[in-house]
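Student: Please take me through reading a sheet and a helix pair, one feature at a time.

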Amino acid sequence: MRQKLARVLGGVAISALVFSSAAACKADSDTEGGSGSSAACDLKIGFFGPLTGDAAGLGIHMRNGTKLAIDQYNKDNASCKVNLEEYDSQGDPAKASPLAQKAAGDTKLVGLVGPAFSGESEVADPIFDAAGLPTITPSATRPSLSTKGWKVFHRGVGNDTSQGPAAGRYIKNVLKAEKVYVVDDQSAYGTGLVDEVKKVLGTVAGEDKIQVKQTGFSAVVTKIVGSGATALFFGGYYTEAGLLLKQLRGAGWKGTMIAGDGVNDANFIKVAGQAVAEGTILTCPCAPATAAKGTFVTDYKAAFENAEPGTYADVSYDITKIYLEGIKSGKATRADLLAFVKAYNKAGAATGVTYKFEATGELDPAQVLVWAFKVNAGQVVPDVEIPKA
């Protein structure tokens, strides 16, 4: 009898333990849009992008947006947390493949914010697609990324068929530049962006190419100065842009540099120098993160030593919250979370953008906007939203 009673009590204890464990995985609140159903616990959301290296300034703000969303979620759901996994690609396509394989093989990882750049996306996204790992990039804008047939791919901003023409219209209608030189860094992003700008500009004063990590630009500087161009559009990232502009100013060039979102970072000013960078125009298929809605800006500054949110920090925050909302509602597998993302249709808390994805993974075109920013007194500040054509 004692043995039988012990078995019965043991069974009750085990049942209680199972019940207790299941209860521990129930979300503490419904603040993320759940309906009181049990959330999946101890899952991971990844960030894939540059956290070190020449382009880290862009990646860190995006990672911070993701981290802020997860930290806030975990505070409200202390017994059922989600973990952040970081994949530091340095923005280098050559590093993307092994990192992507690592992410794809982590069964706890159910959603990815990124990849941040277009070149690394071209390498990594086929791996994520084969693994069924949902991705939402906050910043990779090369248009062809949505034409590959990847079922997991989504983009939280407009692509360069929006940004490039808008930059071209700004050059023609606002700057009224008659002679424009164009330069790209031969990256998937830089080349694609310049191609879109040229479609609007038509005939240009000249064009040339540089390389990522190049530091000396004497040959291209000579060509730009000799062309008589009063404006230069640069397709690439902030380190090369800053060095190129510094050398142009050293050669006496007085024109205006215009560049895309890959240069839209405060580190551009550090590389070029404040006086050199002054007046540069930087576009972005995004609204100013510093003017985000709700409490995002104050929350971000409180979390990250009073730092202003940089480009795409607010977008990363919003798309991370999409994943968190799905997890809170019980989407515990990649397949279930992917279906949740594909059916999503709500406004983001920070950007106010309605995240609704087309079959190709592109953001609903009605939600796409492009802003021009200007370097003024050592800061990148909003200039104007560029009207649609």
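Student: Which order do the strands of the open sheet have?

Tutor: Strands of a sheet pair through backbone hydrogen bonds, either parallel or antiparallel. In this predicted model, seven strands form an open sheet in the order E6-E5-E7-E8-E9-E12-E13, with mixed pairing. Strands (E, at least two residues) and helices (H or I, at least four) are DSSP runs, numbered from the N terminus; two strands pair if DSSP finds at least two bridges between them. Strand E6 (206-209) and strand E13 (379-385) are the edges, each pairing on one side only.

Student: How many bridges join E5 to E6?

Tutor: Four; E5 (residues 180-184) and E6 run parallel. Asp 184 stands opposite Lys 209 in E6.

Student: What should the span of helix H2 be?

Tutor: The expected span is 1.5 Å times one less than the number of residues. H2 (residues 56-76) has 21 residues and should therefore span 30 Å, which agrees with its end C-alpha atoms being 30 Å apart. Of those 21 residues, 15 are buried (under 20% relative accessible area, 1.4 Å probe, protein chains only).

Student: How do H2 and H12 cross?

Tutor: The axes, lines fitted to C-alpha atoms over the stretch in contact (heavy atoms within 4.5 Å), come within 7 Å for H2 and helix H12 (residues 313-328) and cross at roughly 35°. Angles run from 0 to 180 degrees between N-to-C directions. Among the residues in contact are Leu 68 and Tyr 73 in H2, and Tyr 317 and Leu 324 in H12.

Student: What conventions apply?

Tutor: Residues are numbered from 1 along each chain as its sequence is written, and side-chain values use heavy atoms, leaving out hydrogens and water. Local features need pLDDT of at least 70, side-chain atom pairs count only at pLDDT 80 or more, and totals for chains, interfaces and linings use all residues.

How values were computed: Buried < 20%, exposed > 50% of the residue type's maximum accessible area, 1.4 Å probe, protein only.
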